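Hello,

Here is the structure I promised to pass on. Please open it first, and then read my notes below alongside it.

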Amino acid sequence: MRESSVTKVKLLYTGIRVTNIERSLVFYKQALGLTEIDRGTMSHGGVYVLLEDRDTKQRLELNFYPVGSRFSTPFTPGEGLDHIGFLVDDLDGMIKELCALGAKVVVDPWTEG
């Protein structure tokens with residue numbers, strides 16, 4: 001397995017898009033037993049809710065993007081993976097390394113609180 005030569009990388013969570021945040025919370029909290037650990041509104045109007053499994057500590061972020069958000073797209077079955085969040089020591093260095101390996105920056109990184 002290859003390790004990054006630039007920076008330490010840790011997988012933090014997976015984010016999925018949902019079309020109804022409250023209905024989704026009922027499912028993930030009641031049916032799957034996940035616990036809400038954070039929630040907020042993004043600068044572009046989207047809403048996120050971070051959930052965690054009590055036993056494994058795995059995290060799932062539900063993301064809702066209202067019409068007009070630059071991330072709002074029509075729902076297509078199977079298209080719900082929104083993003084995977086990693087923690088890195090050196091973001092700029094990591095981006096350069098990933099681009100050298102063939103990645104392309106589609107959305108410039110930004111800080112969301």
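This is a predicted model: local features need pLDDT of at least 70, side-chain atom pairs count only at pLDDT 80 or more; totals for chains, interfaces and linings use all residues.

Strands here are DSSP runs of E with at least two residues, helices are runs of H or I with at least four residues, and both are numbered from the N terminus. Two strands pair if DSSP finds at least two bridges between them.

Residues are numbered from 1 along each chain as its sequence is written, and side-chain values use heavy atoms, with hydrogens and water left out.

Now the overall picture. The protein chain has two helices and five strands, and from the N terminus on they run β-α-β-β-β-β-α. Its C-alpha atoms fill a box of roughly 40 × 35 × 30 Å along the principal axes. Of the 113 residues, 28% are buried; buried means under 20% relative accessible area, exposed means over 50%, and partly exposed lies in between (1.4 Å probe, protein chains only). Contact means heavy atoms within 4.5 Å. Among contacts between residues at least 6 apart in sequence, 54% join residues at least 24 apart.

Back to the strands. S2 and S3 run antiparallel and are joined by six bridges. Their hairpin has five residues between the strands, and Gly45 takes a positive phi near 100 degrees there. S3 (residues 47-52) also pairs with S4 (residues 59-64) in the antiparallel sense, over six bridges. In the loop between S3 and S4 you will find Lys57, which has a positive phi of about 70 degrees although it is not a glycine.

Next, the helices. Ser24 lies in H1 and is buried, with a relative accessible area of 12%. Leaving out residues up to four places away in sequence, Ser24 touches Val18 and Leu62. In helix H2 (residues 91-100) there is Leu91, which counts as partly exposed at 42% relative accessibility. Leu91 and Val9 are 82 residues apart along the chain, yet their C-alpha atoms are separated by 9.8 Å.

Which residues form a nonpolar patch on the surface? They are Val9, Leu11, Leu81, Ile84 and Phe86, with about 470 Å² of accessible area together. S1 and S5 are the elements that give two or more residues to the patch, and the largest share, three residues, comes from S5. Ile84, found in S5, counts as partly exposed at 42% relative accessibility. Patches are made of residues with over 30% relative accessible area and no salt bridge; like charges are joined within 9 Å, and nonpolar side chains (Val, Leu, Ile, Met, Phe, Trp, Tyr) within 5 Å. Accessible areas come from the Shrake-Rupley method with a 1.4 Å probe, and for residues only the protein chains shown count as cover.

Last, the charges. A search of the whole structure finds four salt bridges, each a side-chain nitrogen of Lys or Arg within 4 Å of a carboxyl oxygen of Asp or Glu. Arg39 and Glu22 meet in one of them (3.6 Å, N to O). Arg39 lies in S2 and Glu22 in H1, so the pair ties together parts that are 17 residues apart in sequence. Arg39 also meets Glu36 (2.8 Å, N to O). Glu52 forms a salt bridge with Arg59, with the closest N and O atoms 3.0 Å apart; Glu52 is buried at 14% relative accessible area, whereas Arg59 is partly exposed at 36%. Salt bridges that share partners join Glu22, Lys29, Glu36 and Arg39 into one network.

Best wishes
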